[in-house]
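Please keep the sequence and the 3D view open as you go.

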Amino acid sequence: MIKIAASMLAGDFSQMGAQAAMIEKAGSDWLHLDVMDGHFVPNITFGAPIIASIRDKAKLPFDVHLMISEPLRYAGEFIDAGADILTFHIESESPVEETIDFIRSKDCVAALSVKPATPIETVFPYLDKLGMVLVMTVEPGFGGQKFMPDMMEKVKKLRSECERRGLNVEIQVDGGISPSTIGVAAQSGATVCVAGSAVFGAADPEKAIKEMKEAAKSCQ
Ligand code: DX5
Ligand code: ZN
């Protein structure tokens, strides 16, 4: 069964604690938290203290997506704040292997992400140490953008590389996921789908999550 990681980016930032609890009750598997620094991406969201302040409002895993230039510099703060999975971009300025090793040394799951223009093969040398790879299906920085179906080739390649090497790595897609796009993502091999506007923008988030899970199931 595909997992849904509801993205707080589309939620109400003045009610983050309550929204984390609501989304857990609505059946989201993970809570996706988009951290942007206004440098790696042209937008600023929130940092570790905000994440720490909502950590006890829900039990679901905190899936922290760092869209920042220096993930190694701040990784410790986000892990201390309660990140269960910490994703950073291969295009960032931090040394990739060292950052992965640091995250793992803190008993946190390390994940690497690729922007749309970055070939998926760039993550292959690190796969043995990763719990997840995030294939962006929009340009990172903003919610509510259109899903890029071309990225499915990358998901398929990643899936077959993991299978060939017998690796159990989660494959996450992020951007433009909705009941109408989740099918092709699931079919291509995604195991975790981030959804922001499709969940928080829905009149009934529980129904929206169910609908996406069902759409994914019928395509797997
Ligand atoms: C975009 C973020 C996404 C965003 C997805 O840079 O990484 O997690 O919240 O939003 P939707 O689901 O609305 O495309
Ligand atoms: Zn994200």
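A polar contact here is a pair of N or O atoms within 3.5 Å; within protein, one must be able to donate a hydrogen and the other to accept it, and residues adjacent in sequence count only if both atoms are side-chain atoms. This is a predicted model, in which local features need pLDDT of at least 70 and side-chain atom pairs count only at pLDDT 80 or more, while totals for chains, interfaces and linings use all residues. Residues are numbered from 1 along each chain as its sequence is written, chains are lettered from A and ligands numbered from 1 in the order in which they are written, and side-chain values use heavy atoms, with hydrogens and water left out.

**The ligand**

| Residue | Part of the residue | Distance to an oxygen atom of ligand 1 |
|---|---|---|
| Ser7 | side-chain N or O atom | 2.8 Å |
| His32 | side-chain N or O atom | 3.3 Å |
| Gly176 | backbone N or O atom | 2.8 Å |

Taken alone, ligand 1 exposes 380 Å², and the protein buries 99% of that; accessible areas come from the Shrake-Rupley method with a 1.4 Å probe, and for residues only the protein chains shown count as cover. Ligand 1 is surrounded by 20 residues, the closest being Gly141, Asp174, Gly176, Gly196 and Ser197, where a residue is near if one of its heavy atoms lies within 4 Å.

**The chain as a whole**

The protein chain has eight helices and eight strands; helices (H or I, at least four residues) and strands (E, at least two) are DSSP runs, numbered from the N terminus. Its radius of gyration is 16 Å, close to the 17 Å that the globule rule gives for 220 residues, so the chain is as compact as a globular protein of that length. That radius is taken over C-alpha atoms, and the rule is 2.2 Å times the number of residues to the power 0.38. Of the 220 residues, 55% count as buried, meaning under 20% relative accessible area, with exposed over 50% and partly exposed in between (1.4 Å probe, protein chains only).

Helix α1 (residues 16-25) has Met16, Gly17, Gln19, Ala20 and Ile23 as its buried residues. They cover an arc of only 165° around the axis, which puts them on the same side of α1; the arc is that of the directions from the helix axis to the C-beta atoms. Ala18 and Lys25, on the other side, are exposed. The cover over the buried residues of α1 includes β1 (3-7), β2 (30-36) and α8 (205-217). Gly27 follows α1 and has a positive phi, near 100°.

In helix α4 (residues 96-105), the buried residues are Val96, Thr99, Ile100 and Ile103. They fall within an arc of 100° seen down the axis, so they line one face of the helix. These residues pack against α3 (71-81), β4 (85-89) and β5 (109-114).

**Where Arg159 meets Ser188**

Arg159 lies in helix α5 (residues 152-164) and is partly exposed, with a relative accessible area of 29%. Leaving out residues up to four places away in sequence, Arg159 touches Ile171, Ser188, Gly189 and Thr191; contact means heavy atoms within 4.5 Å. Ser188, in helix α6 (residues 182-188), is buried, with a relative accessible area of 4%.
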